[in-house]
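Colleague: Before we go into any detail, could you walk me through this model?

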Amino acid sequence: MALVESNMTTKSSLLQNSLSPARWPILAFLLSASMLLGAYGFEHIGGLAPCQMCYWQRHAHKLVMVVSLLAIAQAYFIKNPMLRHVAKRIFLWFIALAFLVSFAYGFAHMGVEYGWWEGPKSCMADPSAAFTIEDLAQSLKQKIDAPACSDVKWSFLSLSMAVWNALISLLGALMSLRFAFKGPAR
C-alpha cells in the first residue's frame with residue numbers, strides 16, 4: 001500500500017513540476033500545435049472541409065504558438081534576471097490573451113452551430129436554393145466554397161470540434177492566467 005501511495009505522490013509531483021509557470025509556454029505551444037495538427041488531420045486525412053470560422057480558430061492557435069515561442073526565446077536573449085522575470089510574466093499574459101481569442105472564436109462558432117446567432121455571411125450555405133445541372137457544370141469552373149459554419153461535421157461526446165476548441169482554449173487561458181498571477185519561476 002505504501003508503494004502505491006508513493007507512486008501516486010511521485011506522479012502528482014511530476015505533474016505539478018511539469019505544470020509550472022516556467023514550463024507553461026512550452027506546454028501552451030504543444031497544446032495549440034496539437035489542436036492545429038488535429039484540425040489539419042481532420043481536413044486532409046478525414047476529408048472534413050473547414051468552414052470560414054474554423055480557419056479563424058486555426059489562426060488563433062497559430063497566434064498562441066508564436067507568442068509561446070517568443071516567451072521561450074526571450075529567456076535566451078534577456079540576460080538581466082529581473083527583466084527576464086518581468087518579460088516572462090508579460091508573455092504569460094499574452095499567451096492567455098491568445099487563448100482567449102481562440103476561445104472567443106470557438107464560442108462564437110458554437111453559437112452558430114446551436115443556432116443562437118447567425119454566422120458571418122461568408123460561411124452561410126443555402127440548402128433550399130434551387131440547383132440544376134447547369135449550376136453543377138458552372139460550379140466546376142469556380143472556386144470551391146467552404147461548408148456552412150452551422151453544419152456540424154464531426155462530434156465526440158455530442159460536442160462539436162468548435163465546442164472542444166472553446167473548452168480546451170478556455171482551459172489554456174485559465175492556466176495562463178493562473179501562471180501570470182503566480183509569476184514565472186526564476
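**Fold and burial**

Modeller: Buried residues account for 32% of the 186 residues in the protein, and please keep in mind throughout that this is a predicted model.

Colleague: In what order do the elements of the protein run from the N terminus on?

Modeller: The protein holds 6 helices and 2 strands. Read from the N terminus on, these elements follow the order α-α-α-α-α-β-β-α.

Colleague: Which helix supplies the largest share of the lining of the largest pocket?

Modeller: The largest pocket, with a volume of about 510 Å³, is lined by 29 residues, and those nearest its centre are Ala-39, Phe-42, Cys-54, Met-161 and Ala-162. At least two lining residues each come from helix 2 (24–44), helix 3 (52–77), helix 4 (81–113) and helix 6 (161–182). The largest share amounts to 6 residues, and the element that supplies these is helix 2.

Colleague: How many residues of the lining of the largest pocket are nonpolar?

Modeller: Sorted by class, the lining has 5 charged and 6 polar residues. The remaining class in this lining is the nonpolar one, with a count of 18.

Colleague: Which two residues meet in a salt bridge, and which helices do they belong to?

Modeller: The structure holds 1 salt bridge, formed by the side chains of Glu-43 and Arg-58 at 2.7 Å, N to O. Because Glu-43 lies in helix 2 and Arg-58 in helix 3, the pair ties together parts that are 15 residues apart in sequence. Both partners are buried, which means that each has under 20% relative accessible area. The residues asked for are thus Glu-43 of helix 2 and Arg-58 of helix 3.

Colleague: How much accessible area does the nonpolar patch on the surface have, taken together?

Modeller: The patch is formed by Met-82, Val-86, Ile-90, Phe-94 and Leu-97. One of these, Val-86, has its place in helix 4 and counts as partly exposed because its relative accessibility is 37%. Taken together, the residues of the patch have an accessible area of about 460 Å².

Colleague: How far apart in space are Leu-63 and Ser-102?

Modeller: Leu-63 is found in helix 3, and its relative accessible area of 38% makes this residue partly exposed. Along the sequence, Leu-63 and Ser-102 are 39 residues apart, whereas in space their separation, C-alpha to C-alpha, is 8.9 Å.

Colleague: Is Ala-104 buried or partly exposed, and how far is Ala-104 from Leu-170 in space?

Modeller: Ala-104 has its place in helix 4. With a relative accessible area of 40%, Ala-104 is partly exposed. Ala-104 and Leu-170 are 66 residues apart in sequence, and their C-alpha to C-alpha distance in space is 8.8 Å.

Colleague: Where is Glu-118 found, and what distance separates the C-alpha atoms of Glu-118 and Ala-108?

Modeller: Glu-118 is found in the loop between helix 4 and helix 5 (133–139). Because its relative accessibility is 60%, Glu-118 counts as exposed. Glu-118 and Ala-108 are 10 residues apart along the chain, and the distance between their C-alpha atoms is 9.5 Å.

Note on methods:
Residues numbered from 1 in each chain as written. Predicted model: local features only at pLDDT ≥ 70, side-chain atom pairs only at ≥ 80, totals over all residues. Heavy atoms only, no water. 1 Å grid on protein atoms, 1.4 Å probe; cavity = no way out; pocket = protein on both sides within 12 Å on 5 of 7 lines; lining within 4 Å. Points joined across faces, edges and corners; volume = space filled by probe spheres on them. Helix = DSSP H or I, 4+ residues; strand = E, 2+ residues; numbered from the N terminus. Nonpolar A, V, L, I, M, F, W, Y, C, P; charged D, E, K, R; others polar. Patch = residues over 30% accessible without salt bridge, like charges linked within 9 Å, V, L, I, M, F, W, Y side chains within 5 Å. Areas by Shrake-Rupley, 256 points an atom, 1.4 Å probe, with all protein chains shown as cover. Salt bridge = Lys/Arg side-chain N within 4 Å of Asp/Glu carboxyl O. Buried < 20%, exposed > 50% of the residue type's maximum accessible area, 1.4 Å probe, protein only.
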